[in-house]
Amino acid sequence: QVQLVESGGGLVQPGGSLRLSCVASGFSFSGAAMKWYRQVLEKQRELVAEIQGTTIYTNYADSVKGRFIISRDNAKNTVYLQMNSLQPEDTAVYYCNTKIYKALRGWMDYWGTGTLVTVSA
């Protein structure tokens, strides 16, 4: 059973930093691409950053380039999002995501329950 459990959210002042973690289980983590999304209230969920499994290729939304760093520790089945120079517009619920191929069902999306990041003075 696939599980993604995020942690590390909280309240931080503008200019501050937070590190989010997502612990994965129930699938072969080392080969899986992992993504961080964020969502503000009823707006569409936005892709923030992604990291491939084997190549360690990374990609970022323009809004976070140079401030956020995605990384992974395959020994711990964990993906991280280091967020620096946080701004009020970074306030959102952050979700961990992966896609897994299931026989007879194709590619399936899996999501964590999210962790809230609030950037406010």
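Mentor: Let's start with a term: helices (H or I, at least four residues) and strands (E, at least two) are DSSP runs, numbered from the N terminus. This is a predicted model, in which local features need pLDDT of at least 70 and side-chain atom pairs count only at pLDDT 80 or more, while totals for chains, interfaces and linings use all residues. Residues are numbered from 1 along each chain as its sequence is written, and side-chain values use heavy atoms, with hydrogens and water left out.

Leu 104 has a relative accessible area of 90%, so it is exposed (over 50%; buried is under 20% and partly exposed lies in between, with a 1.4 Å probe and protein chains only). Leu 104 also has a phi near 75 degrees, a positive value in a residue other than glycine.

Now step back into the strand. Asn 97 belongs to β9 and is buried, at a relative accessible area of 1%. Its side chain makes a polar contact with the side chain of Asp 109, at 3.0 Å. Such a contact is a pair of N or O atoms within 3.5 Å; within protein, one must be able to donate a hydrogen and the other to accept it, and residues adjacent in sequence count only if both atoms are side-chain atoms. The side chain of Asn 97 also reaches the backbone oxygen of Tyr 110, at 3.2 Å. Contact in general means heavy atoms within 4.5 Å. Beyond four places in sequence, the contacts of Asn 97 include Leu 4, Ala 33, Met 34, Lys 35, Tyr 37 and Trp 111.

A polar atom of its side chain lies 3.1 Å from the backbone nitrogen of Gly 9.

Asn 77 lies between β7 (68-73) and β8 (78-83), and its phi, near 50 degrees, is positive in a residue other than glycine. At 27% relative accessibility, Asn 77 counts as partly exposed.

Now for the whole chain. There are 11 strands and 0 helices. The radius of gyration is 14 Å, close to the 14 Å that the globule rule gives for 121 residues, so the chain is as compact as a globular protein of that length (C-alpha atoms are used, and the rule is 2.2 Å times the number of residues to the power 0.38). Of those 121 residues, 42% count as buried. Among contacts between residues at least 6 apart in sequence, 52% join residues at least 24 apart. The C-alpha trace spans about 50 × 30 × 25 Å along its principal axes.
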